[in-house]
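Let's take a walk through a protein together. Keep the sequence and the 3D view open, and look up each residue as we reach it.

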Amino acid sequence: MSEGGQYPETPDGRYFVVRGRLWRKSDPSLTEEHRSALVKELMRARRAVGTAMRTGDAAGKAAARQDVDHAKRALGERGPVWWKDGEPDLNRHLVPNTPYAEWFAGLPAKS
């Protein structure tokens, strides 16, 4: 399961699954201190997106979305993959359309 325990994590630790879709996890080589700082940056940027959307600030929304993208790339959740074995990035793919399909089908059903 993922950090919070609510989402299944692929056996290789690269993704967690939400509603049948793969989402790339943060780079595990980041120190906890650095990862925590980046997550705080990400949350601040996401709040700024929401504020800009509520106030109709198009320029602010664009800038905040760039900040979100920057934080997610620094975390390893977007951009070049953090693993070194040449496997492709399957971020946002539906699990049944990936090599993880059999693993996912074998998970216990949620009650």
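What you're looking at is a predicted model, where local features need pLDDT of at least 70, side-chain atom pairs count only at pLDDT 80 or more, and totals for chains, interfaces and linings use all residues. Residues are numbered from 1 along each chain as its sequence is written, and side-chain values use heavy atoms, with hydrogens and water left out.

Start with the overall plan. The protein chain has three helices and two strands, and from the N terminus on they come in the order β-β-α-α-α. Here helices (H or I, at least four residues) and strands (E, at least two) are DSSP runs, numbered from the N terminus. The C-alpha atoms fill a box of roughly 45 × 30 × 25 Å along the principal axes. Of the 111 residues, 32% count as buried.

Now find the two strands. β1 and β2 pair in the antiparallel sense over four bridges; strands pair if DSSP finds at least two bridges between them. Tyrosine 15 has arginine 24 in β2 as its bridge partner, and phenylalanine 16 stands opposite tryptophan 23.

Most residues other than glycine have a negative phi. Arginine 19 is not a glycine, and at 82% relative accessibility it counts as exposed. Arginine 92, in the loop between α2 and α3, also has a positive phi, near 75°. Because its relative accessibility is 43%, arginine 92 counts as partly exposed.

Next, the aromatic rings. A pair of them is described by the distance of the centres and the angle of the planes. Rings of Phe, Tyr and Trp (its six-membered ring) pair if their centres lie within 6.5 Å; planes under 30 degrees apart count as stacked, over 60 as edge-to-face and the rest as tilted. A search of the whole structure finds six such pairs. In one of them, the rings of tyrosine 15 and tryptophan 83 have centres 5.8 Å apart and planes at 65°, so the pair is edge-to-face. Tyrosine 15 sits in strand β1 (residues 15-18) and tryptophan 83 in the loop between α2 (58-75) and α3 (101-105), so this pair ties together parts that are 68 residues apart in sequence. Both residues are buried. Tryptophan 103 and phenylalanine 104 form a tilted pair, with 6.0 Å from centre to centre and 45° between the planes. Tryptophan 103 is partly exposed, at 22% relative accessibility, and phenylalanine 104 is partly exposed too, at 25%. Ring pairs link Tyr15, Trp82, Trp83, Tyr100, Trp103 and Phe104 into a cluster.

What about the inside? In soluble globular proteins, nonpolar side chains tend to be buried together. We'll call a set of buried Ala, Val, Leu, Ile, Met, Phe, Trp, Tyr and Cys residues, joined through side-chain atoms within 4.5 Å, a nonpolar core. The largest one here has nine residues: Leu30, Leu38, Leu42, Ala45, Val49, Ala64, Val68, Ala71 and Leu75. The elements that give two or more residues to this core are α1 (32-55) and α2. Leaving aside neighbours within four places in sequence, leucine 42 is in contact (heavy atoms within 4.5 Å) with Val68, Ala71, Lys72 and Leu75. Apart from this core lies another, of eight residues, among them Val17, Leu22, Trp82 and Val95.

Last stop: aspartate 27, in the loop between β2 and α1. Which residues does aspartate 27 touch, not counting those up to four places away in sequence? They are Leu75, Gly76 and Trp82. Aspartate 27 is buried yet has no salt bridge, meaning a side-chain nitrogen of Lys or Arg within 4 Å of a carboxyl oxygen of Asp or Glu. The nearest side chain of opposite charge, lysine 84, is 6.5 Å away; for charges, Lys and Arg count as positive and Asp and Glu as negative, while His and the chain ends are not counted.

Definitions and conventions: Buried means under 20% relative accessible area, exposed over 50%, partly exposed in between (1.4 Å probe, protein chains only).
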